[in-house]
Amino acid sequence: MAKRSPYETGELSDSIFLILLATLEPAHGYRIMQGIRESTQGTVEIGPATMYTTLKKLKGAGWIAELADAAEGPEGEGSIRYAATDEGRAVLRRDFERRRRLLALAEGLLGREDDGAGAGAGEEGHGEDDL
């Protein structure tokens, strides 16, 4: 069975999550890339190909909308800004809550290890099925 797209499941990859998050305020594609790099202290960099492919897919899913800037370029072409739609905001909130639950699970399991209650070296630990 083929793996379902994040645009179908709403379980976003980190790059989709960050790009959609960056559109909570209308922004140009280049500014979105800069903002992600700055807000993650350079640990996440999204290149132009990924950026614009993702924006196209987000628009196709109805999660963002294109907004034309009032200021037009010399050829009469406006620059495009992207903004999350109500549906996009709802998807982002659901994925945020999914991530929060995963983080709470990890904190609980790793916290037990830090307290000495987790599996030590050579002891039987948690399997993938335990998560």
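Begin by selecting helices α2 and α4, which pack at an angle of about 70 degrees with their axes 10 Å apart. Here an axis is a line fitted to C-alpha atoms, for helices over the stretch in contact, and angles run from 0 to 180 degrees between N-to-C directions. The two helices α2 and α4 are therefore roughly perpendicular to each other, a term that covers angles of 65 to 115 degrees.

Next, display the side chains where these helices meet. Ile16, Ile19 and Leu20 of α2 make the contact with Met51, Thr54, Leu55 and Leu58 of α4; contact means heavy atoms within 4.5 Å. By class, the residues joining α2 and α4 are 6 nonpolar, 1 polar and no charged. In this scheme Ala, Val, Leu, Ile, Met, Phe, Trp, Tyr, Cys and Pro count as nonpolar, Asp, Glu, Lys and Arg as charged, and the others, Gly among them, as polar.

The model is predicted: local features need pLDDT of at least 70, side-chain atom pairs count only at pLDDT 80 or more, and totals for chains, interfaces and linings use all residues. Residues are numbered from 1 along each chain as its sequence is written, and side-chain values use heavy atoms, with hydrogens and water left out.

On the α3 side, select Gly29, Tyr30, Ile32 and Met33; on the α4 side, they meet Pro48, Met51, Tyr52 and Leu55. This contact of α3 with α4 has 7 nonpolar, 1 polar and no charged residues.

Now move to threonine 23, in the loop between α2 (14–22) and β1 (27–28). Is threonine 23 buried or exposed? Threonine 23 counts as buried because its relative accessibility is 0%; buried means under 20% relative accessible area, with a 1.4 Å probe and protein chains only. Leaving aside residues up to four places away in sequence, threonine 23 touches Ile32, Ile64, Tyr82, Ala83 and Ala84.

Finally, show the whole protein chain, which has 5 helices and 3 strands. Helices (H or I, at least four residues) and strands (E, at least two) are DSSP runs, numbered from the N terminus. Along the sequence their pattern is α-α-β-α-α-β-β-α. Of the 131 residues of the protein chain, 24% count as buried. Among contacts in the protein chain with a separation of 6 or more, 55% come from residues 24 or more positions apart.

Terms used. Buried means under 20% relative accessible area, exposed over 50%, partly exposed in between (1.4 Å probe, protein chains only). Angles under 35 degrees count as roughly parallel, over 145 as roughly antiparallel, 65 to 115 as roughly perpendicular and the rest as oblique.
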